[in-house]
Amino acid sequence: MKKFYITTPIYYINDIPHIGHGYNIVACDTLARYYQAKGKDVFFMTGVDEHGAKIAEAAKANGLEPQDFVDGLVPKFKEAWKSLNINYSAFFRTTDPKHEEEVQSVVKRLQQKGYIEKREYEGLYCVGCERFYKEDELKDGLCPDHLKAPVLHSEENYFFLLSRFARDILEKIESGELEVAPKARKNEIVGKIKQGLEDISVSRAGVSWGIPFPGDDKQTIYVWVDALLNYYTAEKVFDSSDLWPADLHVVGKDIIWFHAIIWPAILLALDLPLPKKIYAHGFFTVNGQKMSKTLGNILDPKELVKEYGADPVRYYLLSAFPFGEDGDVSLESLRSSYQKLSNDIGNLLQRTLSMINKYGIEVKGVIEKNSDDSIDIDKEMSELDFMNALRKITGFCEEQNKYIAKSEPWVLAKEGKNKELAEVLTTVYKNLYRIANSLEPFMPDTALKMKTQLKSLNPEPIFPRIDLR
Ligand code: MSP
């Protein structure tokens, strides 16, 4: 049976895994867990992008062969994702020989179909981005991403005839057959296609750390073609014939061009089905500034998790601002988010269990009867609107807290109104289980702790007071 196939981008292996990548992968992990709980056979893939001039340079600077260099970097990613409790189905590496072989065979197919041409090309090239820029894409003559002047570079390259697919892609995106979301990103892409697409160079001369271009040992396959194909070659790499097409690619808005234009064009050229949906999330700044090595403000997921725990970090990332938009994060707001979790959810659980114990309320069998109950967040999740999904859940917690305050179980107990007392506490008890079920994809450990305590009736703080420096 076809798997429900969700992907993150494959991250540049010479980046330190930071909270920007964490943002992306936490979202995918949450979706994967959510759909799994709905009974889908989810295949959730992440991985690393390991080829290109930059990586070869970094390996050299470290006195290592590129392969040894990248091998040494993989554990950093795996550890970071482990600390965030990411439960991926497979970890992709572009240096996997099966991937390399398949990428070559795909390029050969493109050649055979007449979609590749050799041409002389001269242009402004940014090594940082590993791509050519047009004059009007530069910012004061500099690469908008790296703020460095691109170099004039001329070479004979193989070109993929992207322009031929403009009309087809436009039609598929406009009709929704290929869903590009959110709306702002869809409009951006539609606008770009309407301006016209140029053919793109898909080989590099002088970049030896890459997959050899079929039939030309002086050129390697452009890293982005190599990287995008990961989503498709995964079937071969993981020996799973039931993946493609992907149901969802979650990417950052910086790489939507590659995913919503180049990738579909390659697939159309190959007569392969297109992914169902591409969602581009926003970018965040830290305390109003772009995260950068130079500014030294890169947030390390492992450090944050050490201090706050994986679940509060996951919760914070997905609730701080709308997923499709840009936003800002800071340690200060992470702390208040932690506090809110503790006040809303932690306290509700503690006080409810304490009262159940104190007043000897019989709750046996309640959970069994309602074990699948959860808050309906289907619409929000289908739109990747994590913030509002979480607001619904925490809003429901607040309602429970208010219900307790209004019903005053302690007064009911004093007045001997045992039936009402049991009803109030049983209702909240049952709803706590619903809350735990709903929170599970977002905060798997917390949900488990809640459920364990609801069963044992043994309250323990789930968000312990932390020393807030
Ligand atoms: N290797 C390519 C992807 C190839 S996929 C076929 C790449 N890698 S990356 O490591 O630079 O970026 C991976 C993802 O992290 C991107 O989707 C990017 O948007 C995301 N983020 C990096 N910094 C981020 C923020 N500050 N905020 C939100 N997302 C960020 O691009």
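Colleague: How many disulfides does the structure hold?

Modeller: The general idea is that a disulfide is a covalent bond between the sulfur atoms of two cysteines. In this predicted model there are zero disulfides.

Colleague: Which cysteine sulfur is closest to that of Cys 129?

Modeller: The closest one belongs to Cys 143, and the two sulfur atoms are 3.7 Å apart, which is too far for a bond. The cut-off for a disulfide is a sulfur pair within 2.5 Å.

Colleague: Is Cys 129 buried or exposed? And Cys 28?

Modeller: The cut-off for buried is a relative accessible area under 20%. Cys 129 counts as buried because its relative accessibility is 8%. Cys 28 is buried too, with a relative accessibility of 0%.

Colleague: How many helices and strands does the chain have, and what does the C-alpha trace span?

Modeller: The chain contains 18 helices and 15 strands. Its C-alpha trace extends over about 90 × 45 × 40 Å along the principal axes. Of the 469 residues, 55% are buried. The accessible surface amounts to about 21,400 Å², and carbon and sulfur atoms hold 48% of that.

Colleague: What part of the contacts comes from residues 24 or more positions apart?

Modeller: Taking the contacts in the chain with a separation of 6 or more, 77% are between residues 24 or more positions apart. Ile 462 lies in the segment after α18 (444–456). Its contacts beyond four places in sequence include Ile 345, Gly 346, Leu 349 and Gln 350, as well as Thr 446, Lys 449, Met 450 and Gln 453. Ile 462 counts as buried because its relative accessibility is 5%.

Colleague: Where does Gly 288 lie, and is that residue buried or exposed?

Modeller: Gly 288 is in the loop between β14 (284–286) and α10 (301–308). With a relative accessible area of 54%, Gly 288 is exposed. The C-alpha atom of Gly 288 is 7.8 Å from that of Val 329, 41 residues apart along the chain.

Colleague: Now the ligand. Which residues come nearest?

Modeller: There are 26 residues around the ligand, and Ile 10, Tyr 12, Asp 49, Gly 252 and Asp 254 come nearest. By class, the shell is made of 14 nonpolar, nine polar and three charged residues.

Colleague: Which elements each supply at least two residues of that shell?

Modeller: The elements are β1 (4–12), α1 (19–37), α7 (223–228), α8 (230–237) and β12 (248–252).

Colleague: Helix α8 came up in the shell. What does Asn 230 touch?

Modeller: Asn 230 is in helix α8. Leaving out residues up to four places away in sequence, Asn 230 touches Tyr 5, Ile 10, Met 45, Phe 92 and His 99. A polar atom of the Asn 230 side chain lies 2.7 Å from the backbone oxygen of Ala 227. Asn 230 counts as buried because its relative accessibility is 1%.

Colleague: Turning to the backbone, where are cis peptide bonds?

Modeller: Pro 182 sits in the loop between β7 (179–181) and α6 (183–195). Another cis peptide bond joins Trp 244 and Pro 245, with omega about 0°. Pro 245 is in the loop between α8 and β12.

Colleague: What is the phi of Leu 384, and of Leu 457?

Modeller: Leu 384 is not a glycine, yet has a positive phi of about 55°. Leu 384 lies in the loop between α14 (378–382) and α15 (386–407), and is buried, with a relative accessible area of 3%. Leu 457 also has a positive phi, of about 60°. Leu 457 lies in the segment after α18 and is partly exposed, with a relative accessible area of 23%.

Note on methods
Residues numbered from 1 in each chain as written. Predicted model: local features only at pLDDT ≥ 70, side-chain atom pairs only at ≥ 80, totals over all residues. Heavy atoms only, no water. Near = heavy atom within 4 Å. Helix = DSSP H or I, 4+ residues; strand = E, 2+ residues; numbered from the N terminus. Nonpolar A, V, L, I, M, F, W, Y, C, P; charged D, E, K, R; others polar. Buried < 20%, exposed > 50% of the residue type's maximum accessible area, 1.4 Å probe, protein only. Polar contact = N/O pair within 3.5 Å; in protein donor to acceptor, adjacent residues only side chain to side chain. Contact = heavy atoms within 4.5 Å. Areas by Shrake-Rupley, 256 points an atom, 1.4 Å probe, with all protein chains shown as cover.
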